[in-house]
Amino acid sequence: MLPPLTRPVVKPPMAVAAAAFLEVDRYAPFPLHLSLRAKAFPLPRRPPSVLRFRLLLVRPSRRLSAAFLPIGSSAAPKADHHDEDALEGVEATVSEQHGKQGSQLRKRVVFGLGIGLGAGGVVVAGGWVFTVAVAAAVFAAAREYFELVRSRGIAAGMTPPPRYVSRVCSVICALMPVLTLYFGNIDVSVTSSAFIVAMALVLQRGNPRFAQLSSAVFGLFYCGYLPCFWVKLRCGLAVPALNTKLGRVWPVVLGGQTHWTVGLVATLISISSIIAADTFAFIGGRAFGRTPLTNISPKKTLEGAFAGLTGCILTAVLLSKILCWPTTLLSASGFGVLNFMGSLFGDLIESMIKRDAGVKDSGSLIPGHGGILDRVDSYVFTGALCYSFVKIMLPLFGV
């Protein structure tokens with residue numbers, strides 16, 4: 001009696017594995033770290049000319065269909081038209097994804113440069129120009145915040161405030177920077193606004209909930225009160241920075257040397273340090289990131305955070321030498337550390353809100369960047385920290 005026929009088990013030659021690795025790596029939008037191991041494959045009686053598989057890329061939610069072709073193998077049969085069409089479809093899909101990534105990157109760069117140049121001009125202008133720009137950003141950020149509060153992820157576990165209360169809170173947040181510039185103090189306006197919102201929630205129809213009050217008051221604090229410290233920092237510290245050499249050549253038509261105040265210099269250094277921290281953290285995390293920083297934002301790593309801290313301190317020290325403020329290396333380094341801590345935790349808090357809301361971006365106002373809250377989250381707490389540093393810490397050191 002003859003033994004039953006069994007399918008032969010063969011091992012793919014190294015030439016086939018190497019060719020397959022090159023075929024996948026050639027179409028990857030970024031380097032792939034693949035590990036090829038010898039493994040036995042049960043083959044049918046007629047070996048297929050193309051072995052297809054699904055490859056999960058490093059980036060989440062991105063899948064790439066690739067084909068392992070036995071290039072260089074004389075025993076491999078010729079692929080039929082169906083296999084050739086399938087491979088062409090894979091190449092078209094990969095090319096389309098690569099084109100979308102390139103277009104998205106160009107869009108981010110163009111809008112990022114535009115926002116950076118516009119923000120720089122607004123900061124230098126100061127006064128009502130700076131205040132109105134802050135008020136507009138605050139209004140957009142407040143609208144996005146209250147939309148996050150009303151989203152499914154957060155609203156499933158709590159009762160959000162009514163829509164009319166959210167809109168009133170957004171308007172109040174936008175008025176806070178203006179009132180700060182006009183009166184020079186924000187404590188009274190914040191207290192009055194919180195009282196008005198609490199009274200509206202308590203007197204509403206139905207069953208008022210504490211979650212409504214807590215989310216609304218936190219929105220006033222997060223989107224309205226904290227950004228006002230940027231107005232106090234830029235416009236409130238009007239003492240001229242006499243040691244700044246740039247002010248000596250500044251045109252008299254634009255204000256002359258008196259235009260370069262301590263508030264302007266501190267604001268420029270702070271914003272530049274935050275930008276440097278984000279840039280260095282992104283580059284360092286992509287190049288050396290291995291250890292996760294926190295579960296709130298899985299993409300952030302300790303290596304990236306250290307790179308961001310280094311870039312933030314270097315930028316603060318370099319600009320302090322150029323603008324001659326602060327005058328000591330220790331104070332400039334401390335200013336850089338403070339900016340980094342404020343930007344990092346501001347970003348993490350906004351990430352926590354988005355994670356609970358179950359969304360990736362807070363909005364779609366800025367093409368390629370998401371919402372306005374996604375762009376200003378690093379600045380929310382930093383203004384208050386920088387203002388406290390200049391008003392409290394520097395006088396203690398005699399600076």
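**Rings and cores, question by question**

Ring pairs tie Y145, F146, F218, F221, Y222, Y225, F229, F381 and Y387 together into a cluster. This is a predicted model, where local features need pLDDT of at least 70 and side-chain atom pairs count only at pLDDT 80 or more, while totals for chains, interfaces and linings use all residues. Residues are numbered from 1 along each chain as its sequence is written, and side-chain values use heavy atoms, with hydrogens and water left out.

Q: What makes Y145 and F146 an edge-to-face pair?
A: Rings of Phe, Tyr and Trp (its six-membered ring) pair if their centres lie within 6.5 Å; planes under 30 degrees apart count as stacked, over 60 as edge-to-face and the rest as tilted. The centres of Y145 and F146 are 5.0 Å apart and their planes sit at 75°, so the pair is edge-to-face. The structure holds 14 aromatic pairs.

Q: Why is the pair of F229 and Y387 called tilted?
A: Its ring centres are 5.9 Å apart and the planes are at 55°, so it gets the label tilted. F229 is in helix α8 (residues 228-236) and Y387 in helix α13 (residues 382-396), 158 residues apart. Helices here are DSSP runs (H or I, at least four residues), numbered from the N terminus.

Q: How do you know whether F229 is buried or exposed?
A: Buried means under 20% relative accessible area, exposed over 50%, and partly exposed in between (1.4 Å probe, protein chains only). F229 has a relative accessible area of 12%, so it is buried. Y387, at 16%, is buried too.

Q: Why does R163 count as partly exposed?
A: Its relative accessibility is 39%, so R163 lands in the partly exposed class. R163 is found in helix α5 (residues 163-183).

Q: What makes the link between the side chains of R163 and E147 a polar contact?
A: A polar contact is a pair of N or O atoms within 3.5 Å; within protein, one must be able to donate a hydrogen and the other to accept it, and residues adjacent in sequence count only if both atoms are side-chain atoms. The side chains of R163 and E147 are joined at 3.4 Å.

Q: Which residues touch the most other members of the largest nonpolar core?
A: A nonpolar core is a set of buried Ala, Val, Leu, Ile, Met, Phe, Trp, Tyr and Cys residues joined through side-chain atoms within 4.5 Å. Of the 60 residues in the largest one, they are Y145, V197, L233, I269, W325 and V390. Helix α3 (residues 127-149) gives the largest share, 10 residues.

How values were computed
Helix = DSSP H or I, 4+ residues; strand = E, 2+ residues; numbered from the N terminus.
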